[in-house]
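The following report concerns a structure given with its sequence. Please read the text alongside the model.

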Amino acid sequence: MSWFQKFVPAKIRTEASTKSTVPEGLWSKCPHCGAILYRAELERNLEVCPKCAHHLRINGRRRLHFFLDPGNRQEIGEQLSPVDPLKFKDSKKYKDRLVQSQKGTGEKDALIVVRGYLKGLPIVSASFNFEFMGGSMGSVVGERFVRAVNESLRERIPLVVFSASGGARMQESLISLFQMAKTSAALARLSAAGVPFISIMTDPTMGGVSASLAMLGDINVAEPAALIGFAGPRVIEQTVREKLPEGFQRSEFLLEHGAIDLILDRREMRDRIHRLLLLLTGAQSRDKGRESELSRPEVAAPTSAFRSALDSPEAL
Amino acid sequence: MDLNFLDFEQPIAELVAKIEELKRVGFDNEINISEEIARLEEKSRKLTESVFTSLTAWQISRLSRHPLRPFTLDYVEMLFDDFEELHGDRSFADDPAIVGGVARIDDRPVLILGHQKGRDTKEKILRNFGMPRPEGYRKALRLMRLAERFRLPIFCFIDTPGAYPGIGAEERGQSEAIARNLFEMSRLRVPIICTVIGEGGSGGALAIGVGDRLLMLQYSTYSVISPEGCASILWKSAEKAELAAEAMGITAPRLLELGLIDELIPEPLGGAHRNPPQMATLLRDALLRHLYDVERESIDCLMDQRYDRLMRYGVYEEGAN
């Protein structure tokens, strides 16, 4: 370990050395304002440009790492891996694309699900990995999502999902289209059970993911300036043959048109989502005779199921 | 070239033209050429059979969009009685790209929903080529809730290139409208029987396609993206649509094999548009058979089955960690 690395806080150090999702080097350039930024400072700022507040794209695992309390995390559905049911081949085989993405990201597929804590409140949280085939939704993403919902249902703990996806995964054809129905149906059960689901849309959330799980939050949140929509801007431009309005399909546009509840800065995400969840679940605690785990975050001690995660808090 | 025939059907078109001509001649003259006509008709039938036994996915995709193919309202007319079309989403507009209403089949009151394409240019524009906007999906949901309230089973007919990719559609929440329908249809407490009658175009098709049964006509297609769209993304050229159609496995036999649909309904020789009444009879039989089949279950049981069915979608490997 170099003398410099010793100065970097442990949490950041392990992240930077094991999961290098950003270009190597000490400096990064903000894709929005062009400012040259000190890499470590950018990471401390959760990949938000300190100069212009542009929210850089961030990989799924790092996002959950930032969002959840350290330690006491248990991954759900990690044993699932994608297959190639159609023997799909375009210029490349789907199998080869999968291997390439798996090597590049260190993940088996584009969604990561973790049960953990948000400021002491037990939750299930999932995050898309846009770097894995554009965060596209195929069988594994759908199944992991359903398992996230089922864990929320079983434990009656809130579900918080960060979307970043180009949509359904073409290489799994109709099977991936049907993941839209599958994930939405699971959410209908969660909704009927009165367990909160907060959907946080990040840049970009498009197509089949936007037209299913992402838009079905009890509360729909977006990060600033994220591209969110059904059809891609290029397709729309070609169809209607006119210039798209300024800021079209960005978070602020969606807020103005009533599609989302609020826009939250990534640096406030933990505090604000925690507060929202307390507000939603607190209402349930007034129900006499019903002692919900949701309403008592202070009793959220690690359960036995979490022991293995406790042993290796850096596992995530 | 006869525009009512696709390029791969041109040899059939030529024979048909010849037969027509002979019939005209025969009508004008006293010469008996009925034998010759019968011989040619038999030849045309054999030719059609041979062309249609080895169709590629791309050819089927083109058949599914055939301009003469029966649309939702054609089947409504042929299969149902007392149809009363109901309009509007109650908050913004009536979207003519989706039609819905109450009707009777086998004397049973039911609700019908379907995408609707246009026949001539004027109607095509009115129907937006069968591409719904959010208000179309919201109308559909409103009518489905009506059906639930009055315990009417629902028949959905799918035939769309996809949900409309437009500025207004995005402003009014195309994504949310589709997502909401998927969410609600998964738990709607009446039987839902969906049939792809032409083009099953992605999320725009699925948004009225969640139910207890999924049937497909023999020459319909159902896919996550159009072959052209897939080709332009993965092959960087819409010209490769033929390859994309093949790779995505969008045809009824392939989807039946993959276990994604319940039944393939055979079409008359040459496709549904060559003999709509015969198609209607075949479709009617299948619809009633499935309706009575699902109705044997209690509604609670049916709801569980629908949920399990949705949860089974997906192919993956589950390894030890």
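## Helix H5 of chain A and its end

Of the 17 residues of H5(A), 13 are buried, so this helix is largely enclosed by the rest of the structure. The model is a predicted one. Helix H5 of chain A covers residues 139-155 and reaches 24 Å from its first C-alpha to its last, close to the 24 Å expected at 1.5 Å a residue.

Just after H5(A) comes A:Arg156, with a positive phi of about 50 degrees. This residue is found in the loop between H5 and strand S7 (159-165) of chain A. A:Arg156 is partly exposed, its relative accessible area being 27%. Most residues other than glycine have a negative phi, and most peptide bonds are trans.

## Further backbone features

A positive phi is also found in chain B: B:Asp82 takes a value of about 55 degrees although it is not a glycine. The place of B:Asp82 is in strand S1 (residues 81-85) of chain B. With a relative accessible area of 57%, B:Asp82 is exposed.

The peptide bond from A:Asp203 to A:Pro204 is cis, and its omega is near -10 degrees. A:Pro204 is found in strand S8 of chain A.

## Salt bridges

Side chains of opposite charge can pair when their charged atoms come close. Over all chains, the structure holds 53 salt bridges.

A:Arg57 lies in the loop between helix H2 (39-44) and helix H3 (60-67) of chain A, while A:Asp203 lies in strand S8 (residues 197-206) of chain A, so the pair ties together parts that are 146 residues apart in sequence. A:Arg57 is partly exposed, at a relative accessible area of 47%. A:Asp203 also takes part in the cis peptide bond to A:Pro204.

B:Asp106 is in the loop between strand S2 (98-105) and strand S3 (108-115) of chain B, and B:Arg284 is in helix H13 (residues 276-295) of chain B, so the pair ties together parts that are 178 residues apart in sequence. B:Asp106 is partly exposed at 37% relative accessibility, and B:Arg284 is partly exposed with a relative accessible area of 29%. Elsewhere, salt bridges that share partners join B:Arg65, B:Lys117, B:Asp159, B:Glu199 and B:Glu228 into one network.

Helix H13 of chain B also holds B:Ala280. In contrast to the partly exposed B:Arg284, B:Ala280 is buried, with a relative accessible area of 5%. B:Ala280 and B:Glu184 are 96 residues apart in sequence, and their C-alpha atoms are 29 Å apart in space.

## Surface patches of chain A

Which residues gather in a patch of positive charge on the surface? The patch is formed by A:Lys87, A:Lys89, A:Lys93 and A:Lys95. Of these, A:Lys87 is found in the loop between strand S4 (80-82) and helix H4 (94-105) of chain A. A:Lys87 is exposed, having a relative accessible area of 65%.

A nonpolar surface patch of about 360 Å² is made by A:Leu26, A:Trp27 and A:Ile36. A:Ile36 has its place in strand S2 (residues 36-38) of chain A. This isoleucine, A:Ile36, counts as exposed because its relative accessibility is 54%, the cut-off for exposed residues being over 50%.

How values were computed: Residues numbered from 1 in each chain as written. Chains lettered and ligands numbered in written order. Predicted model: local features only at pLDDT ≥ 70, side-chain atom pairs only at ≥ 80, totals over all residues. Heavy atoms only, no water. Patch = residues over 30% accessible without salt bridge, like charges linked within 9 Å, V, L, I, M, F, W, Y side chains within 5 Å. Areas by Shrake-Rupley, 256 points an atom, 1.4 Å probe, with all protein chains shown as cover. Salt bridge = Lys/Arg side-chain N within 4 Å of Asp/Glu carboxyl O. Lys, Arg positive; Asp, Glu negative; His and termini not counted. Charge placed at Lys NZ, Arg CZ, Asp CG, Glu CD. Helix = DSSP H or I, 4+ residues; strand = E, 2+ residues; numbered from the N terminus. Buried < 20%, exposed > 50% of the residue type's maximum accessible area, 1.4 Å probe, protein only. Expected span 1.5 Å × (residues − 1).
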